[in-house]
Amino acid sequence: MTDLPETRSQPRTVKELRALYRVSQAVGASLNLTEAVEPVLRILAEELGMQRGTLALAEPDSGELVIEVAHGLTPAEIRRGRYRVGEGVMGRVLERGEPMVIPSIGAEPLFLDRTGARAGLDRSRVAFLCVPVKLGGETVGVLSADRLPAAGDELEDDLRVLEVVAALLAQAVRVQRMLRVDRRALEEENRRLREAFQERYGPGAWVGESPARRAVWDQVRLAARTRAPVLITGEAGTGRGFVARAIHAASAGERPFVEVGCGGRDPTELEAALFGPGGAVERARGGTLYLKDVEHLPPDLQGVALAVLKAGGRAGPRFVASAGPGLAEAVRQGRFRSDLYRRLSGVPVHVPSLAEARADVVPLARVFLARAAGPGARFLPEAEAALRERPWPGNLAELEAAVRAAAARAGGGDVAAEHLLSQPGRGESPVTPEAVIARWVDELLDRPPPGGVYRALVDRLDRIAVARALERAGGVRIRAAELLGINRNTLYAKLERMTKP
């Protein structure tokens, strides 16, 4: 259908058809209520001489009628357009759900002109039309417009057109309500996620009173005030990933957080995971891209990462990288680009080992014990003394594993020093990953399996690591491979081997 041609004198029906056609196009052109209604009111003025058109909607809480969109009114006049149910012509239409035609507003006491838009006009020469906007039988608003005096039949024609337009606008109101509900649900979900993220990674979750660990949170707060790249350094098991998520929670908690491990990955696969279509850089846009073990980033990809960092912009991801103590040596030897290192080090954060923060060993152990055995569980004094004396080379990961094992040995009771030993009462080394593996090796050496001790030990470790990674990844194999730092083909091969009898 095309626009109807203009003529000097057109029949009333032609004008109405053209007006309604243009109105239907305008209503469907935007999901935004104001953007849809403003052109509709302008069309009614241009085509049919309906001036000072308004769409007023009832507020959900108070029920008060408020002008949402208007044509020919100033912002101040729009703000004054508020009516209680039954008040004035518009309030009466809202209350009764029936249209009203006022041939002369000067002779109608119900017409309040609350907006003041007719000041200075000859009110005896202005007619006013007002029709209800209904959704499912409920009157949710009113549509109104002024007309110069006209014969009764012409006003009835105007009223009929206005009722058709009100029916069309009702659908725009319905869409607005649906979008508002969806937006509120999304905002509520974002709020819950943000609170959960803050609870897990906020200041209250960071345990530590030593100067070294307090300094970490000072740097987290600093990093949260900027979008500069962050480089987190520290030994394995110190909680570098926790710090990365804490920075994200404090600065962009409701936006995407995407983690990519750089170690043990095929370079081609890693490049696709980072920079390919739908890769991490694209998925983390506007949020945080966490590059774990960035010192293992292949040389060719270091240049690509530097280019992405230089491009920057608020639409791109904020880079947070973590690295072990070997990164500085890699820079000195030229295996890691010094310009990329400087760019990543916008905000440097060093996470101390437990050897650097020995005062925090017992407070951290208490947190791990509460997680493992409940808030009522406690260490006996000699157990806390034993915790302080040990070096904990595996840092938080080793400490948590030892506490979990001790809690299991204690059977829900107080944890004593003997519960922290691999063989209680014999003064042996604490339960560490190394101690567990050593015990496995001893068992295998005592009874060597047909395939050999080494093969059996590797298979056992593979099964545990793959099972744990799949559990954390919710069964998603590609994600499990990322967590393990291997490519997906290697993971598939391991799974296939594990399922063979």
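Contact means heavy atoms within 4.5 Å of each other. Among contacts between residues at least 6 apart in sequence, 64% join residues at least 24 apart in the protein chain. This is a predicted model, in which local features need pLDDT of at least 70, side-chain atom pairs count only at pLDDT 80 or more, and totals for chains, interfaces and linings use all residues. Residues are numbered from 1 along each chain as its sequence is written, and side-chain values use heavy atoms, with hydrogens and water left out.

**Figure 1. Overview of the protein chain.** The chain has 19 helices and 11 strands. Helices (H or I, at least four residues) and strands (E, at least two) are DSSP runs, numbered from the N terminus. Buried residues make up 44% of the 501 residues. Buried means under 20% relative accessible area, exposed means over 50%, and partly exposed lies in between (1.4 Å probe, protein chains only).

**Figure 2. Helix α8 beside helix α10.** Helix α8 spans residues 267–275 and helix α10 spans residues 299–311. Their axes come within 11 Å and cross at roughly 10°. α8 and α10 are therefore roughly parallel to each other. From α8, the contact uses P267, L270, E271 and F275. From α10, it uses L301, V304, A305 and V308. By class, these residues are seven nonpolar, no polar and one charged. Axes are lines fitted to C-alpha atoms, for helices over the stretch in contact, and angles run from 0 to 180 degrees between N-to-C directions. Angles under 35 degrees count as roughly parallel, over 145 as roughly antiparallel, 65 to 115 as roughly perpendicular and the rest as oblique. Ala, Val, Leu, Ile, Met, Phe, Trp, Tyr, Cys and Pro count as nonpolar; Asp, Glu, Lys and Arg count as charged; the others, Gly among them, count as polar.

**Figure 3. P299 in helix α10.** P299 is found in helix α10. P299 is exposed, with a relative accessible area of 59%. G334 is 35 residues from P299 in sequence. In space, P299 and G334 are 9.7 Å apart, C-alpha to C-alpha.

**Figure 4. The largest cavity.** Searching the whole structure gives two cavities of 30 Å³ or more. The largest holds about 110 Å³ of space. Its lining has 16 residues, and Y83, M90, F111, R118 and F128 lie nearest the centre. Helix α4 (residues 88–96) gives the most to this lining, with three residues. The lining of the largest cavity has nine nonpolar, four polar and three charged residues. A cavity is a set of points, on a 1 Å grid over the protein atoms alone, where a 1.4 Å probe fits but cannot get out; lining residues have an atom within 4 Å of a point. Grid points are joined across faces, edges and corners, and a volume is the space filled by probe spheres set on the points.

**Figure 5. The second largest cavity.** About 40 Å³ of space lies here. The lining is R213, T238, P352, S353, L354, A357, N395 and L396. These residues divide into four nonpolar, three polar and one charged.

Figure 6. Most residues other than glycine have a negative phi. R52 has a phi near 50°, a positive value. R52 lies in strand β1 (residues 51–58). W392 also has a positive phi, near 50°. W392 sits in the loop between α14 (381–389) and α15 (395–410). W392 is buried, with a relative accessible area of 1%.

**Figure 7. A223 in helix α6.** A223 lies in helix α6 (residues 211–224). A223 is buried, at 0% relative accessible area. Leaving aside neighbours within four places in sequence, A223 is in contact with V230, I247, R318 and V347. A223 and H248 are 25 residues apart along the chain, and their C-alpha atoms are separated by 9.2 Å.

**Figure 8. T34 in helix α2.** T34 lies in helix α2 (residues 33–48). T34 is partly exposed, with a relative accessible area of 33%. T34 touches P39 and V69, not counting residues up to four places away in sequence. V69 is 35 residues from T34 along the chain, with 6.1 Å between the two C-alpha atoms.

**Figure 9. Y454 in helix α17.** Y454 is in helix α17 (residues 453–472). Y454 counts as exposed, at 63% relative accessibility. Y454 and L444 are 10 residues apart in sequence and 8.9 Å apart in space, C-alpha to C-alpha.

Terms used:
1 Å grid on protein atoms, 1.4 Å probe; cavity = no way out; pocket = protein on both sides within 12 Å on 5 of 7 lines; lining within 4 Å.
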